[in-house]
Amino acid sequence: MRQGQPDYLLLVATSMLLLAGLLTVYTASFAVGHLEFGDANYFVIRHAFYAIAGGVALLYFMRLDYHQLRHLAAPIMVVALLGLAAVLIPGIGVERNGARRWLELGPISFQPSEFAKLATIIYISAWLAGRRENINKFSLGLVPFVLMVSVVGGLVIVEPDMGTAVIIVLTTSTLFFVAGAPLSHLTLLMASGGLVTYVMILAQDYRLDRLTSFVSPEADPQGNGFQILQLLIALGSGGVTGLGWGVSRQKFFYVPGAHTDGVFAIIGEELGFIGLLGVLGLFAFFMFRALKATLASRDQFGTLLGVGIVSWIAYQTLINIGGITRSIPLTGVPLPFLSYGGSALIAVMAGAGILLSISRYGRNSSHTEQPKARARRYARRNPAAGRSTV
């Protein structure tokens, strides 16, 4: 496949988000780093290491022709499922704060569910690209799609990690829609998804507590409502221009997870509404360039793959910000690029690398050429081949 130039503006947007993440993790984490580890730079040093690893992943996938991922989709998905299953096995999976989401390999700890998001997007994109004529069929389209997503989502929910499961379902449903699924199937899919979500909320007390704290955090300001109230105080304290970089008060043990799920609130407190608009502008520019590269792709797999990655990052961003601003219940998902966390950062950087690969190889793709079109092109280049001989 002939390669072109990557979308350099997309690369710039990714780099700016990565740099913003390093600065944000430092200012949001130095208090807890100093208290827990005696080192104010504890978290930012590790985040810098994750950023380097993510940069390597980005460069690798940017240089890799994304069409190869279609042939690797099945083994990638198998590895992802094995990782999701391994965290649930006692003695293998690592439990923290009542959840089994991590695996440890020596000093390295990682979260398989973060990589499962990307693996699922690759697999579902390849599967949908090969099922063009069967997407509209209930038994050959909707049923196997639901089964595949249910297996992944079910393993993630058992960890438990409801936020990640919701992102996977929303992203894959978007792919199903873009691939041409009928509205009746999408309606049935959304209705069943809503019912499952309702049942899962009722099944676990902590999920019901999150819903209660979303509806009325003031009813329990020192308990279930504490986190959301402190997040709102941080956002309100920043006003229009903010208190100043590094001057946040809420990061001093008022906002739980100030350097992970709560970074958006800390940015709002220190840089104000203007700073938040700047961050949202960066995300919007990243999405715009990524979608532009995706829509320029000339094969269905590339289009679906790009839409899946953009949807994943967009949904995760909206869910995180929605929880911080009390627009939706808190789910505990990190803000892409900006929150502390190695697995999440490396996975999203790998996704950005694939988007850059689509910008390089998608426009020159010959995978969508129909046989007749290829024959006509061959005949134009080889006039003698089309002449009959006697």
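**Conventions.** In this predicted model, local features need pLDDT of at least 70 and side-chain atom pairs count only at pLDDT 80 or more, whereas totals for chains, interfaces and linings use all residues. Residues are numbered from 1 along each chain as its sequence is written, and side-chain values use heavy atoms, with hydrogens and water left out.

**Overview. The protein chain contains 13 helices and 3 strands.** Helices (H or I, at least four residues) and strands (E, at least two) are DSSP runs, numbered from the N terminus. The radius of gyration, taken over C-alpha atoms, is 23 Å, close to the 21 Å that the globule rule gives for 390 residues, so the chain is as compact as a globular protein of that length. The globule rule is 2.2 Å times the number of residues to the power 0.38. Along the principal axes, the C-alpha atoms fill a box of roughly 95 × 45 × 40 Å. Of the 390 residues, 48% count as buried; buried denotes under 20% relative accessible area, exposed over 50%, and partly exposed in between (1.4 Å probe, protein chains only). Among contacts (heavy atoms within 4.5 Å) between residues at least 6 apart in sequence, 73% join residues at least 24 apart. The chain exposes about 18500 Å², of which carbon and sulfur atoms supply 65%; accessible areas come from the Shrake-Rupley method with a 1.4 Å probe, and for residues only the protein chains shown count as cover.

**Close-up 1. Aspartate 7 and arginine 289 form a salt bridge.** A salt bridge is a side-chain nitrogen of Lys or Arg within 4 Å of a carboxyl oxygen of Asp or Glu, and by this rule the count comes to 5. For aspartate 7 and arginine 289, the N to O distance is 3.0 Å. The pair links distant parts of the chain, 282 residues apart: aspartate 7 belongs to the segment before α1 (8-37), and arginine 289 to helix α10 (residues 263-295). Aspartate 7 is buried at 11% relative accessibility, and arginine 289 is buried at 12%.

**Close-up 2. Lysine 251 pairs with glutamate 270 in a salt bridge.** Their closest N and O atoms are 2.9 Å apart. Lysine 251 lies in the loop between α9 (226-238) and α10, and glutamate 270 in helix α10, so the pair ties together parts that are 19 residues apart in sequence. Glutamate 270 is buried, with 1% relative accessibility; lysine 251 is likewise buried, at 3%.

Close-up 3. Glutamate 114 is buried at 3% relative accessibility, as is lysine 117 at 2%.

Close-up 4. Serine 343 is buried, with 9% relative accessibility.

**Close-up 5. Five residues make a nonpolar surface patch: Val240, Phe273, Ile274, Leu277 and Leu280.** The patch covers about 470 Å². Patches are made of residues with over 30% relative accessible area and no salt bridge; like charges are joined within 9 Å, and nonpolar side chains (Val, Leu, Ile, Met, Phe, Trp, Tyr) within 5 Å. Leucine 277 lies in helix α10 and is partly exposed, with a relative accessible area of 43%.
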